Amino acid sequence: MEIDDSLSASMDDFAENTQDMDIPEELPMMAVRDVVVFNYMILPLFVGRPGSISAVNEAMEGDKLLMLVTQKDATSDDPEPEDLYQVGMVSMIMRTLKLPDGRLKVLVQALSKAEIKSYEQKDPHFRVNVGLLDEEITEEVTVEVEALMRLVREQTEKIMSLRGTLSADLMAIVNNIEEPGRLADLVGSNLRLKVAESQKILESSNPVERLRLVADLLNKEMEVATVQAKIQSDAKEEMSRSQREYFLREQMQALKKELGDDDAYSQEIEELGRKIKKKKMPKYARKEARKELKRLEMMHPDASEANIIRTYIEWIIDLPWKKSSKDFLDLEKAAQVLDEDHYGLEKIKERILEFLAVRKLNNDTKGPILCFAGPPGVGKTSLGQAVAKAMGRKFYRLSLGGMRDEAEIRGHRRTYIGAMPGRILQGLKNVGTNNPVFMMDEIDKVGSDYRGDPSSALLEILDPEQNNSFSDHYMNMPFDMSKVMFITTANRTDTIPGPLMDRMEVIRLAGYTLEEKTVIARKYLLPRQVKENGIKQRLVKLNDETLKFIITHYTLEAGVRNLERELGKICRKLARKIAEGGKGPYTISQNTLKKYLGPHKYLPETELDTLQQPGLAIGLAWTSVGGALLHIETSVLPGKGKLLLTGQLGDVMKESAQAALTYCRSRGKALGVSEEYFDTIDIHVHVPAGAIPKDGPSAGITMTTALCSAITGKMVKKGMAMTGEVTLRGRVLPIGGLKEKSLAALQAGIKQIIIPQDNEKDLVEIPEEMRKKLSFFPVEHMDEVIEHALGDLKKTAGKKK
């Protein structure tokens, strides 16, 4: 630590004033950290530990004397005697100041070197028995000692000069000291030494030996300070050398241009300039590229910013500003291409052909923004590839699932290290055209957090009125995306933000019927699996009945993903047989399926005899993976009018059950029960598959029918299902997902479906072959539902009392 210059006037008188001071043998002791106290030192200490504060307080109450010793480990907050050095300094407290945080600021004078003989007390602070260490007296300053003192003075001056901390007052004090011991203590206290080295100096009782030890440490410190000064000098020299090289390099480049002999860097600059001139791009992009190229010319090729500018110029050159692929406008051949890759999906195919027809008549039409919404496995992504193939365009797919960083869409600003454009411009660069079919998968699974909201960034891209000037943060200039055909996919649309949903034309893929799945398996899935597993087509015999059996007993899905997985499992087992020497062909039948696929995974609900009991009704529900059947069970028990709901029902379904009960109470006479009947029973409504949460309004009429069935004892007609929301007055309100629900009913063998009257208009969305197999009963009121499901209730009137 540094000695304060203000102490110079009092140093000589200090020893004389303390020589005759009577120092007791037992003193309070305080441990200090990171500093060794030497003779004649006056230094401030900040005291914060309870034991140290207690020692200071005891000293202040007595003769203000305190033993100061240094800790061996500065990190220890509660040192033991073995953690402390034995030699320290008896010091006098000159002043104390209490700080606002509870600590004390103490100014102490070092009086005499002492050694701890024993520890008399440890709590609340140390009290020790000390013995004063007498300093050996140097009777005569020999020539050798004088030379040693001069060496120490000169080295001290050099070190402080190298450090830039040379003080005339301090050097005056050093030069005026004639005693070797005092000189060693003063210089040692001002060197940046380790605690162990400083303690070694303190414990040396021979002044000359102590001075030699300081001289050795000064030599070491001199070497360190010299190397440090050299490093600083080299750094400054390197900076001036770099500036000199820059000007020389500029002169050399000018000379080489005159001589026609240019270096590789200049050739690279010229090559970039030629690419900028040759590339078709807007005027603002060319202007920006040339401006950055001029900046690059002025820079040293090894400069860090040169790489950033070079990368930016290359991005400007590589983007397909005006490069478009030619659309394939033959509608008949485009329709053939779509039919080759996908079966059914007429609505989507019709929309693509409409766009091609408009494109044929109007070459400047903007690209459509479509959203394919449907359950997994119905072919949304592969359909996008087929669209690109039919139109003769490049195809690029971007997965948005789990994306949370807005920079993934808009890119990073060039001020960041490692910045790059967003995934949109990266995709366009990869395909090399400005009019590809750009598919954004899983748009319903985009997230948001502190890094931004990617769905908000998509608003500009997916808006035909705005995306002609999309600005990426990295490029910082508009890019025309109006020619891109954007196609997004989603399993459900309720999680897509409203403004984003409003910008897209939603086309729903409900799923496939049994017949459609059979055709898809025969035309696409089975041939693909046979080829992938290295089997010849003639060795596999699989008829349509077996395919239907696989679909109904081994899969339960709206799409065909699991169906292809099961067919792949069969092909792999056949491939093993052939690889082991089997000749074939192999016929797969319903009887041999267990050998390949194991036991049935699902039992189709074609036999509904188990549901022919009072209080049971079948509803139809929509899920993100397609339509599903909803079995509702109701039991009437003696009780006090309670309604018990089980099956993990959501709030909406619970409210539907309450509305159903209110309707039944209002129709008590029609149901053949007295007014007091509902006060004497408890009603339990249960929806099976209790581990699965369920919610939604479309189960209202199903719950009401199940209640009426349980109360009247009449069974719901066999093979009948229903969907619709009910009000307290009995009105039946419309629902969504009719096509998916109808498909689920057909797959389960249900032939009759009760639907809301307002959904009759949606029947046109259902394929004609499905409508021929199903009977729909549009209703406006709950009374009509009861009549269709339970028949005439007049025959039951008066039976229940």
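The count of disulfides (cysteine sulfur atoms within 2.5 Å) comes to 0. Cys708 is in no disulfide, and its nearest cysteine sulfur, that of Cys664, is 3.5 Å away. This is a predicted model: local features need pLDDT of at least 70, side-chain atom pairs count only at pLDDT 80 or more, and totals for chains, interfaces and linings use all residues. Residues are numbered from 1 along each chain as its sequence is written, and side-chain values use heavy atoms, with hydrogens and water left out.

**Cysteines**
- Cys708 is buried (under 20% relative accessible area, with exposed meaning over 50% and partly exposed in between; 1.4 Å probe, protein chains only), with a value of 1%.
- Cys571 also counts as buried, at 1% relative accessibility.

**Confidence**
- The mean pLDDT (the predictor's confidence in each residue, from 0 to 100) is 82 for the chain, and 91% of its residues reach 70 or more.
- Residues 1-17 stay under 50, with 23 contacts (heavy atoms within 4.5 Å) beyond four places in sequence.
- Residues 796-801 are also below 50.
- Where pLDDT is low, the predicted coordinates should not be read in detail.

**Thr489**
- Thr489 sits in strand S12, residues 485-490; strands (E, at least two residues) and helices (H or I, at least four) are DSSP runs, numbered from the N terminus.
- Thr489 is buried, at 1% relative accessibility.
- A polar atom of the Thr489 side chain lies 3.0 Å from the backbone nitrogen of Glu442.
- Residues touched by Thr489 include Phe372, Lys380 and Met439, leaving aside those up to four places away in sequence.

**Helix H11**
- Ala334, Val337 and Leu338 are the buried residues of H11, residues 331-341.
- They lie on the same side of H11 because they cover an arc of only 95° around the axis, taken from the directions from the helix axis to the C-beta atoms.
- Glu332 and Glu340 are exposed on the other side of H11.
- The cover over the buried residues includes helix H12 (346-361) and helix H13 (380-391).

**Aromatic pairs**
- The count is 7 aromatic pairs: rings of Phe, Tyr and Trp (its six-membered ring) with centres within 6.5 Å, stacked under 30 degrees, edge-to-face over 60 and tilted for the rest.
- Tyr396 and Phe438 form a tilted pair, 5.2 Å centre to centre with 50° between the planes.
- Tyr396 lies in strand S8 and Phe438 in strand S9, so the pair ties together parts that are 42 residues apart in sequence.
- Tyr396 is buried at 17%, and Phe438 at 0%.
- Ring pairs also link Tyr284, Trp321 and Phe479 into a cluster.

Technical notes
A polar contact is a pair of N or O atoms within 3.5 Å; within protein, one must be able to donate a hydrogen and the other to accept it, and residues adjacent in sequence count only if both atoms are side-chain atoms.
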